[in-house]
Amino acid sequence: MSRNRTAKGIVLVPSLLLGGAFIATAVWVDGPAAANRGLALTLGGILMAAGLLAQLLPDPPSES
């Protein structure tokens, strides 16, 4: 059971960090690079949703 929790954490942390970085970049960027703002927001949202979804998936039944 702890192996599954560890795997969930391994998915959660990088996806939240990268998603937050993409969203922060979309908010911060200005000038000609602002044309990619929608792409950065989309990628950030997908990454954050994937990390949170990994936490919500049910654990498989334990074999005793």
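This is a predicted model: local features need pLDDT of at least 70, side-chain atom pairs count only at pLDDT 80 or more; totals for chains, interfaces and linings use all residues.
The protein chain contains two helices and zero strands. Its radius of gyration is 16 Å, well over the 11 Å that the globule rule gives for 64 residues, so the chain is more spread out than a compact globule. Along the principal axes, the C-alpha atoms fill a box of roughly 60 × 15 × 10 Å. Of the 64 residues, 16% are buried. The accessible surface of the chain amounts to about 5000 Å², and carbon and sulfur atoms account for 71% of that area. When contacts between residues at least 6 apart in sequence are considered, 66% of them join residues at least 24 apart.

Ser15 sits in helix 1, which covers residues 2-28. Ser15 counts as buried because its relative accessibility is 8%, and the cut-off for buried is under 20%. Beyond its neighbours within four places in sequence, Ser15 touches Leu47, Met48 and Gly51.

Together with Phe22, Leu39 and Leu43, Leu18 forms a nonpolar patch on the surface, and the four share about 340 Å² of accessible area. Both helices take part in this patch: helix 1 and helix 2 (37-56) each supply at least two of its residues.

Note on methods: Residues are numbered from 1 along each chain as its sequence is written. Side-chain values use heavy atoms; hydrogens and water are left out. Helices (H or I, at least four residues) and strands (E, at least two) are DSSP runs, numbered from the N terminus. Buried means under 20% relative accessible area, exposed over 50%, partly exposed in between (1.4 Å probe, protein chains only). Contact means heavy atoms within 4.5 Å. Patches are made of residues with over 30% relative accessible area and no salt bridge: like charges are joined within 9 Å, nonpolar side chains (Val, Leu, Ile, Met, Phe, Trp, Tyr) within 5 Å. Accessible areas come from the Shrake-Rupley method with a 1.4 Å probe; for residues, only the protein chains shown count as cover. A salt bridge is a side-chain nitrogen of Lys or Arg within 4 Å of a carboxyl oxygen of Asp or Glu. The radius of gyration is taken over C-alpha atoms; the globule rule is 2.2 Å times the number of residues to the power 0.38.
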